[in-house]
Amino acid sequence: MLLTSGEISNINLEQLLQNLTNSCIELGKSIIGAIIIYVIGRFLIKQINHLVAKLLEKRKLEISATTFLKSLLNILLNLILAFAIVSKLGVETTSFTAILASAGVAIGMALSGNLSNFAGGLIILVFKPFKVGDFIEAQGVSGAVKEILIFHTILSTPDNRIIYIPNGSLSSNTVINYSKENIRRAEWNFGIEYGEDFEKVKAVLEDIIASDKRILKDPAPFIALGSLSASSVDVKVRVWMKSSDYWDVYFDMNKVVYEKFNKASIGFPFPQLTIHQAE
């Protein structure tokens, strides 16, 4: 039985539609499977992160190490999930890996900054120049360390701004840690008028220092005539206190000195210009 060209075309069209339908069904199954893997994977990642966080808490690791490890684990788990989804969608993982390997040099160059930041995070974690909660100054900014992640460190400034600093920069440049030591020294230069009795000024300052219980007796406070400036006699004062009391003591000292000097009739100088008129 011979088929006409029209019948052959109909059969080819039916086969094409059948193949297309089968392909759509298989693709739909793969997409649904990938969605299921994603949902279950995200649930498992959340549970694993929660479990690991509890284990790290029980081990009483530093917050710095805890945040770093949690961030690293979360990235690794999400990469595993991504490979599982790609595989379910029909992409050969071996081919996918080969593509990544062939593009390794380009990816490495593109991510060289991030690799440096990752290495910087490890250096910070191992050598601990600062930890979560410390108040530091670096890269022209200062703030309290909020989190140390695998690529960057988060600072919270006194005016409640959030700053992200790459770990590579922090590990290879100068960092000032104001919280590293338990005590800190504060310093003031109080200007008084020429003609004031230095011993009287010193006695008032000693009384102010002795009345503030936050100021440490050891190391002993230091009071000396610092310099003879153009318009003032500058008295230098140095005292020690706990690092946590630094700013409170610093600003309170300014306020109390202003009040006590006024009560003791100790004059504060101001710039003066003497003009001599020719006869």
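Asp212 and Arg214 are joined by a salt bridge, with their closest N and O atoms 3.0 Å apart. The structure is a predicted model. Its protein chain has eight helices and eight strands, and a search of the whole structure finds seven salt bridges.

**The chain as a whole**

- Of the 279 residues in the protein chain, 26% are buried.
- The protein chain exposes about 18700 Å², and 61% of that area is supplied by carbon and sulfur atoms.
- When contacts between residues at least 6 apart in sequence are considered, 66% of them join residues at least 24 apart.

**Salt bridges around Arg214**

- Asp212, a partner of Arg214, is buried, with a relative accessible area of 16%.
- Arg214 counts as partly exposed, at 29% relative accessibility.
- Arg214 also meets the side chain of Asp252 in a salt bridge, at 2.9 Å from N to O.
- This second pair links distant parts of the chain, as Asp252 and Arg214 are 38 residues apart.
- Asp252 belongs to helix 8, whereas Arg214 sits in the loop between helix 7 and strand 7 (222–228).
- Asp252 is partly exposed, with a relative accessible area of 32%.

**A salt-bridge network**

- A network of salt bridges links Arg185, Glu187, Lys236 and Arg238.
- Within it, Glu187 forms a salt bridge with Arg185, and their closest N and O atoms are 3.5 Å apart.
- Glu187 is partly exposed, with a relative accessible area of 30%.
- Arg185 is also partly exposed, with a relative accessible area of 38%.

**Helix 8**

- Helix 8 covers residues 246–263, which is 18 residues.
- From its first C-alpha to its last, helix 8 reaches 26 Å, close to the 26 Å expected at 1.5 Å a residue.
- Tyr246, Val249, Met253, Val257 and Phe261 are the buried residues of helix 8.
- Ser265 follows helix 8 and has a positive phi, near 60 degrees.

**A nonpolar surface patch**

- Leu27, Ile31, Ile35, Tyr38, Val39 and Leu89 form a nonpolar patch on the surface.
- Together, the residues of this patch have about 560 Å² of accessible area.
- Leu27, one of the patch residues, is found in helix 1 (residues 5–58).
- Leu27 is partly exposed, with a relative accessible area of 47%.

- Leu115 lies in helix 5 (residues 112–127).
- Leu115 is exposed, with a relative accessible area of 51%.
- Leu115 and Asn167 are 52 residues apart in sequence, and their C-alpha atoms are 10.0 Å apart in space.

Key. Residues numbered from 1 in each chain as written. Predicted model: local features only at pLDDT ≥ 70, side-chain atom pairs only at ≥ 80, totals over all residues. Heavy atoms only, no water. Patch = residues over 30% accessible without salt bridge, like charges linked within 9 Å, V, L, I, M, F, W, Y side chains within 5 Å. Areas by Shrake-Rupley, 256 points an atom, 1.4 Å probe, with all protein chains shown as cover. Salt bridge = Lys/Arg side-chain N within 4 Å of Asp/Glu carboxyl O. Helix = DSSP H or I, 4+ residues; strand = E, 2+ residues; numbered from the N terminus. Buried < 20%, exposed > 50% of the residue type's maximum accessible area, 1.4 Å probe, protein only. Expected span 1.5 Å × (residues − 1). Contact = heavy atoms within 4.5 Å.
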